[in-house]
Amino acid sequence: MSPVMQILFNLLINSIEELLIYLLLSRKLHLKPCRPLILVCFILQAISVTCMNQLISTDSLRMAITLGMDSFIALILSTDSPARSIFWGCAYPVITVLADTLTIAFGQLFIRGDCNTLMEYPVSIVMTFFYLFICFCCVLLLIRKNTRSFVFPWFIQIFWFIIVAAGITASEFLLDLLIRLKGCSTGTSNRLFLSVLLLLVILFLSIFLFYYIGILYQKNLALMEENRRKQFEKQQFELLSSTNQLLRTWKHDFQHHLSVLEIMLQEKDISSALDYLDSIHTEMKRSTWQIQTGNNVLDAVLTSKLPGIQSQGIQFAHSIFLPDSVPLSNLELTSLMGNLLDNAIESCSNQNISAEKYINLEIKPYNQFLYIDIGNSSSGKYHYDSMNHLQSTKGENGHGIGLKRIEQIVTEAEGFMKISPEKESFHVTIVLPLQNRHLPEGEYHES
């Protein structure tokens with residue numbers, strides 16, 4: 001085969017392999033919706049691999065460079081986590097090592113002669129298409145197999161990549177050595193081939209081990225997030241309980257306060273009576289709910305957030321009309337409103353000191369639904385996850401539990417939610433179906 005034909009043939013084979021890589025990545029990862037970028041990346045890689053085949057004679061070096069290129073392409077094209085992107089970016093190089101090994105084994109089994117015979121024309125053409133057939137079967141097998149989501153810490157990602165790179169490079173080095181050793185004994189050839197098989201077994205075992213470690217690590221993160229959520233809800237509910245206890249104490253002591261005031265007035269000690277009334281008024285502000293909606297749980301949550309709102313200089317406006325029956329349990333209502341207000345307060349606190357800060361809350365029945373809308377001023381800095389979904393209004397990592405919990409509550413109540421992050425404002429609109437479908441007029445409580 002002439003040099004030009006050999007280059008064109010290599011380009012054709014590499015292009016087919018890039019199609020297999022794209023097929024694998026598109027089924028296992030969420031690729032960015034930018035087809036020109038995807039097309040350019042795979043065309044450039046096909047050309048680059050073709051050039052490497054002509055310029056670099058060492059298979060192990062070519063494979064190491066190809067591994068880095070595949071991983072890099074998966075990272076820049078995928079919206080998944082880096083761990084998942086790198087994992088599937090390394091998948092096809094591992095397949096090629098397996099395909100190379102099986103191709104050489106097939107050639108030695110069915111073709112008389114040493115391994116160098118496999119590299120000669122026209123036998124090399126047959127071996128190349130057999131190699132592509134194995135790659136296609138492996139890709140098809142991976143595509144049809146469902147894989148679970150997983151994530152690694154960054155140091156495990158690096159360690160795992162080093163192990164895979166070392167395994168692939170060592171396997172290709174031994175295969176390259178097996179082909180280049182002319183006239184070697186059958187025993188030496190078999191030992192080299194068994195060494196490659198042993199490396200492949202170790203490589204695949206390490207891949208499966210790290211895969212399940214990633215699954216367990218993600219489960220652990222989910223449990224930690226669930227524990228943090230439950231702790232938050234417990235604190236909110238404890239606040240509600242303590243407020244109820246204060247109200248009971250105040251009700252119990254109210255008769256005593258009236259008796260003391262009555263004695264002071266009988267003795268015409270007006271000054272002491274006024275001072276005593278002032279202290280009672282101060283205590284009432286501290287221990288009673290300052291917002292009255294007709295729902296004790298909602299009153300407690302809103303009142304508990306007022307000190308934080310006032311300390312930030314936030315203008316708080318609310319319009320609340322409640323039906324007699326709210327389609328949420330007390331714990332769900334506490335968590336929902338607590339998270340909504342916490343996100344709004346945090347978003348306002350991230351604004352510049354001179355910026356106008358506000359929170360507007362509206363709750364009302366609408367037809368057969370409960371409509372909740374909360375809007376607040378915002379700095380416009382938000383944090384998005386790898387799927388480009390809004391994760392936090394705090395503009396940094398390590399948050400997002402509140403929004404996830406809100407979405408979970410709304411989903412369980414068979415409602416829907418709309419989030420509108422804008423440059424200077426942030427809105428969350430929630431619509432929940434009411435249990436009692438017919439709500440007569442006059443049964444709403446207004447704040």
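**Salt bridges, cores and surface**

Tutor: The side chain of Arg-84 meets that of Asp-80 in a salt bridge, with N to O at 3.9 Å. The model is a predicted one.

Student: Are Arg-84 and Asp-80 buried or exposed?

Tutor: The cut-off for the buried class is under 20% relative accessible area. Both residues of the pair, Arg-84 and Asp-80, fall in that class: they are buried.

Student: How many salt bridges does a search of the whole structure find?

Tutor: Side chains of opposite charge can pair when their charged atoms come close. The Arg-84 and Asp-80 pair is one case, and Lys-364 with Glu-362 is another, at 3.2 Å from N to O. A search of the whole structure gives a total of 3.

Student: Which residue forms a salt bridge with Lys-305, and which helix is that residue in?

Tutor: The closest N and O atoms of the Lys-305 pair are 2.9 Å apart, and the partner is Asp-342. This pair links distant parts of the chain, as its residues are 37 apart. Lys-305 sits in helix H10 (residues 296-311), whereas Asp-342 sits in helix H11.

Student: What class do Lys-364 and Glu-362 fall in?

Tutor: Lys-364 has a relative accessibility of 31%, so it counts as partly exposed. For Glu-362 the value is 27%, so this residue also counts as partly exposed.

Student: Where does Ser-347 lie, and which side chain does its own side chain contact?

Tutor: Ser-347 lies in helix H11, residues 330-349. Its relative accessible area is 2%, so Ser-347 is buried. At 3.5 Å, its side chain makes a polar contact with the side chain of Ser-378.

Student: How many residues does the largest nonpolar core have?

Tutor: The residues with the most contacts inside this core are Leu-25, Trp-88, Tyr-92, Trp-160, Val-164 and Ile-168. At least two core residues come from each of H1, H2, helix H3 (59-77), helix H4 (82-89), helix H5 (91-110), helix H6 (123-144), helix H7 (154-180) and helix H8 (186-266). The size of the largest core is 56 residues.

Student: Which residues are in the second core, and how many does it hold?

Tutor: This core is separate, and its residues include Ile-309, Leu-341, Ile-363 and Val-410. The second core holds 38 residues.

Student: What does Tyr-92 touch, residues up to four places away in sequence not counted?

Tutor: Tyr-92 is one of the residues with the most contacts inside the largest core. With residues up to four places away in sequence left out, Tyr-92 touches Glu-17, Leu-20, Ile-21, Leu-24, Asp-70, Cys-135 and Val-139.

Student: How far apart are the C-alpha atoms of Ile-409 and Glu-332?

Tutor: Ile-409 is in helix H12, residues 401-412, and counts as buried because its relative accessibility is 1%. Not counting residues up to four places away in sequence, Ile-409 touches Leu-328, Glu-332, Ser-335 and Leu-336. Ile-409 and Glu-332 are 77 residues apart along the chain, and their C-alpha separation is 6.7 Å.

Student: How far apart in space are Ile-179 and Ile-104?

Tutor: Ile-179 lies in helix H7 and is buried, since its relative accessible area is 14%. Ile-179 and Ile-104 are 75 residues apart in sequence; C-alpha to C-alpha, the distance is 8.8 Å.

Student: Which helix supplies the largest share of the nonpolar surface patch?

Tutor: The patch, of about 640 Å², is made by Val-4, Met-5, Leu-8, Leu-11, Leu-39, Ile-43 and Ile-47. Helix H1 (3-28) and helix H2 (35-55) each supply at least two of its residues. The largest share is 4 residues, and it comes from H1.

Student: What percentage of the chain's residues are buried?

Tutor: The chain has 12 helices and 8 strands. It exposes about 24900 Å², with carbon and sulfur atoms supplying 61% of that area. Of the 447 residues in the chain, the buried part is 43%.

Terms used: Residues are numbered from 1 along each chain as its sequence is written. This is a predicted model: local features need pLDDT of at least 70, side-chain atom pairs count only at pLDDT 80 or more; totals for chains, interfaces and linings use all residues. Side-chain values use heavy atoms; hydrogens and water are left out. Patches are made of residues with over 30% relative accessible area and no salt bridge: like charges are joined within 9 Å, nonpolar side chains (Val, Leu, Ile, Met, Phe, Trp, Tyr) within 5 Å. Accessible areas come from the Shrake-Rupley method with a 1.4 Å probe; for residues, only the protein chains shown count as cover. A salt bridge is a side-chain nitrogen of Lys or Arg within 4 Å of a carboxyl oxygen of Asp or Glu. Buried means under 20% relative accessible area, exposed over 50%, partly exposed in between (1.4 Å probe, protein chains only). A polar contact is a pair of N or O atoms within 3.5 Å; within protein, one must be able to donate a hydrogen and the other to accept it, and residues adjacent in sequence count only if both atoms are side-chain atoms. A nonpolar core is a set of buried Ala, Val, Leu, Ile, Met, Phe, Trp, Tyr and Cys residues joined through side-chain atoms within 4.5 Å. Contact means heavy atoms within 4.5 Å.
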